[in-house]
Amino acid sequence: MNICFIMYPWENIDPDNDTTLALIKECVKRNHGVAMCIPADLTIRNSVTTANCSVINRMEKTPSSLKSFYNKVKIREEMLPLAGFDVIFFRANPPLDPIMLNFLDSVKDDVFIMNSLEGMREANNKLYTAAFGDAHSNIIPATHVSKSKRYLIKQIKESTADKMILKPLNGFGGSGVILIEKSAMSNINSLLDFYITNSDGSSSYVILQDYIEGADQGDVRILILNGEPVGAMKRVPGSDDHRSNVSAGGSVQKHSLTKEEKALCKQIGPKLVNDGLYFVGIDVIGGKLVEVNVMSPGGITYINKVYKLKTKIEEKVIDFLEMKVLDKLQAFDRRTRLRKAVQDA
Ligand SMILES: Nc1ncnc2c1ncn2[C@@H]1O[C@H](COP(=O)(O)OP(=O)(O)O)[C@@H](O)[C@H]1O
Ligand SMILES: [Mg+2]
């Protein structure tokens, strides 16, 4: 099959640990055609959605280490029509550009897009957890989303908890996630101004959330493929940070899913699949869902490493894509045969 990765720039890849690189390597190893581009490479040329792609030359032997693969691949530039691919694998970082999604709308019937455009539109920020309809905070911590300073300060004052978490609606990688302590509220006005009011005069939503006790021991990243958990790891924050993101200095340990976490996956899996969110990473603390990462969830390489996995997670992901493409081709063949039968009658 031919697969186009719409992703972050090749130069930004960490060749030791990058999840997208592991997925690309698996495709090259299976002799699939692989092209890459960044969202800004998309254009519409004579009504055809086209991308200025970096195409990876086929390799006779794929190096086993990710780093040597990264160093050895040969790349050529080509303008290619997106509808000619079998799969578009969206792996760019947030924020999601809605106009770029309109470019992809034009090819969504021709190409299998992971995750689906509708799903990414719905789940591109931290509001998606609210879609699980958890009125009693059984699976997600009590959460307020607002841009009203008055409302947020009132919630902090009325909360019985002495610690809360404040974070931007659109953040990722742990950036802007801060701990609010009731005993130290003198900065709250200034902090909320900073989070809500942007320099261009516009305003942003912030999330105020109950602090989940035990978060200082780490959080759990679970990768979910087609509604089923395929790997998990514990991320433990560094000694001088409250955030567990690896990009914020957290470290990675083995983790077997608890009963609570398995139940959580069972509960949310069907909705994820229904929304076309086939490959996501969820962040869980104390059995509670903190975030659903749908744009370019990471963690594959770390989980492979800590578990010394035989069937690596990227193999399962590419198996899934091959299955989807085969289903589509078979459906097309069947339809062609049936049409011919009617025509020849
Ligand atoms: N409600 C919370 N209680 C305790 N810790 C939290 C909470 N929300 C976030 N954190 C900490 O901050 C990290 C980043 O938060 P998250 O909501 O996943 O945003 P990001 O998109 O930046 O990863 C989490 O992995 C966790 O360590
Ligand atoms: Mg997170």
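Let's start with a bridge. In β10, M164 has I180 as its bridge partner. This is a predicted model: local features need pLDDT of at least 70, side-chain atom pairs count only at pLDDT 80 or more, and totals for chains, interfaces and linings use all residues. Residues are numbered from 1 along each chain as its sequence is written, and chains are lettered from A and ligands numbered from 1 in the order in which they are written.

Now the strands around that bridge. Strand β9, residues 163-168, pairs with strand β10, residues 178-181, in the antiparallel sense over four bridges. Pairing here requires that DSSP finds at least two bridges between two strands. Helices (H or I, at least four residues) and strands (E, at least two) are DSSP runs, numbered from the N terminus. β9 also pairs with strand β11, residues 206-210, again antiparallel, over five bridges. There, I165 stands opposite Q209.

Next, the domains. The chain is divided into domain 1 (2-115), domain 2 (142-210) and domain 3 (215-313). Those bounds come from an automatic or database domain assignment. The C-alpha centres of domain 1 and domain 2 lie 37 Å apart.

On to the ligand. Where does ligand 1 lie? Domain 2 and domain 3 both give residues to its shell, so ligand 1 lies between them. 21 residues surround ligand 1, and the closest are I212, A215, R243, S244 and E291. A residue counts as near if its C-beta atom, placed from the backbone, lies within 6 Å of the molecule. β9, β15 (279-285) and β16 (288-293) are the elements that give two or more residues to that shell. By type, the shell has nine nonpolar, seven polar and five charged residues. Nonpolar is Ala, Val, Leu, Ile, Met, Phe, Trp, Tyr, Cys and Pro; charged is Asp, Glu, Lys and Arg; the others, Gly among them, are polar.

Helix α1, residues 19-29, is mostly covered, with 10 of its 11 residues buried. Buried means 20 or more other C-beta atoms within 10 Å of a residue's own, with C-beta atoms placed from the backbone. Among the buried residues of α1 are T19, L21, K25 and E26. Just after α1, N31 takes a positive phi of about 70 degrees.

Helix α9 covers residues 313-344, 32 residues in length. From first C-alpha to last, α9 reaches 47 Å, close to the 46 Å expected at 1.5 Å a residue. The expected span is 1.5 Å times one less than the number of residues. In α9, I313, E314, V317, I318 and L321 are buried.

Methods. Buried ≥ 20, exposed ≤ 12 C-beta atoms within 10 Å, placed from the backbone.
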